[in-house]
Amino acid sequence: AQGGLGMPDLKFEAPLQFAASSCITRTHTESIKTQSNFMTADERTTEELKRQNQAFRKEKTTSKMERIDASLTPDLLRSVNQLRDKGASSWLNAMPLVDQGLALNKQEFRDSLRLRYNMTLPDLPSHCVCGERFSVGHALSCKKGGFVAQRHDGIRNLLATLMNKVCKNVEIEPHLQPLENEGFNLKSTVTSPDARLDIKAGSFWSRGVTAFFDVRVTHVNSKSNQGKQTPTIFQDQEDEKKRKYLQRILDVEMGSFTPLVLGTNGGMGTECQRFLKELALKIATKNCEPYATTMKWLRTLISFEIVKSVHLSIRGSRSSFR
């Protein structure tokens, strides 16, 4: 969550942990040594010590992050800030369960670590089959080979499968009702008779109301996104989708519309985060599981789907098989 690899420096951490433990348990220790039948401090004092320790650790961590950020190049600092998005590092903390699809081979793992810190990948071709010079940025945007569409479809299918566990009438790529002289205030509203969204689910947000969702997995480091922070990128693309579909869904379908915008860094927009919280709550309630555990599981599934699709876009073959 801080942009690192989740491996603490034990030489630095151990003394701090020992000092905190000694401070918090001092009352208990003294009671044991004196064989007292009661402790002089109440529970509030212990909780206060814990809060003070947490505040101290947070201050130290923030100071360390600021010191490291000041030493980074602008490109590397942009990459590190992208890693701090919610869900962007979920694949690093997961157990490599092969039967659950949560395992990477050594090339996928090494490439993902290099991409994480904007390092050069080895053994890349010099040119793409489309004729452009090959680079990681080009690979994640090139339509040749169908990897961009596959990245989108993978996330769409995963989310639809998860929604199907708790919702009825779940459908992929549902056609919208044809228009019959309806007018819209926004000229950007899609009026095509062939218009369709990515997912439809019954009673997701409220009972009896059909919810429509449209998925986008955007390359956060594309040329059009240069100089923008990921929250701004996600917000702009959410607003774009709302301008296209929101009024038609509200007025014609009498349903709700939610744009689900995710990034190739593993982060996601505000609307998608709100959607994921609701989905986690529904699944946790149905399975009688803790909400936090379910949310972590969902973030991990999405993170691995994106990591694998990004690797396929870079290492996959775009030329026809002969």
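**Close-up 1. Contact between helix 9 and helix 10 in a predicted model.** In helix 9, the residues L276, K277, L279, A280, L281, I283 and A284 meet Y291, T294, M295, L298, R299 and I302 of helix 10; contact means heavy atoms within 4.5 Å. The residues of this contact comprise ten nonpolar, one polar and two charged. Here Ala, Val, Leu, Ile, Met, Phe, Trp, Tyr, Cys and Pro count as nonpolar, Asp, Glu, Lys and Arg as charged, and the others, Gly among them, as polar. Residues are numbered from 1 along each chain as its sequence is written, and side-chain values use heavy atoms, without hydrogens and water. In this predicted model, local features need pLDDT of at least 70 and side-chain atom pairs count only at pLDDT 80 or more, while totals for chains, interfaces and linings use all residues.

**Close-up 2. Packing geometry of helix 9 and helix 10.** Helix 9 (residues 270-287) packs against helix 10 (residues 291-315) at an angle of about 125°, and their axes lie 9 Å apart. Helix 9 is therefore oblique to helix 10 (angles under 35 degrees count as roughly parallel, over 145 as roughly antiparallel, 65 to 115 as roughly perpendicular and the rest as oblique).

Close-up 3. A disulfide is a pair of cysteine sulfur atoms within 2.5 Å, and the count comes to zero disulfides. C167 is buried at 6% relative accessibility, whereas C130, at 38%, is partly exposed (buried means under 20% relative accessible area, exposed over 50%, partly exposed in between, with a 1.4 Å probe and protein chains only).

Key
Axes are lines fitted to C-alpha atoms, for helices over the stretch in contact, and angles run from 0 to 180 degrees between N-to-C directions. Helices (H or I, at least four residues) and strands (E, at least two) are DSSP runs, numbered from the N terminus.
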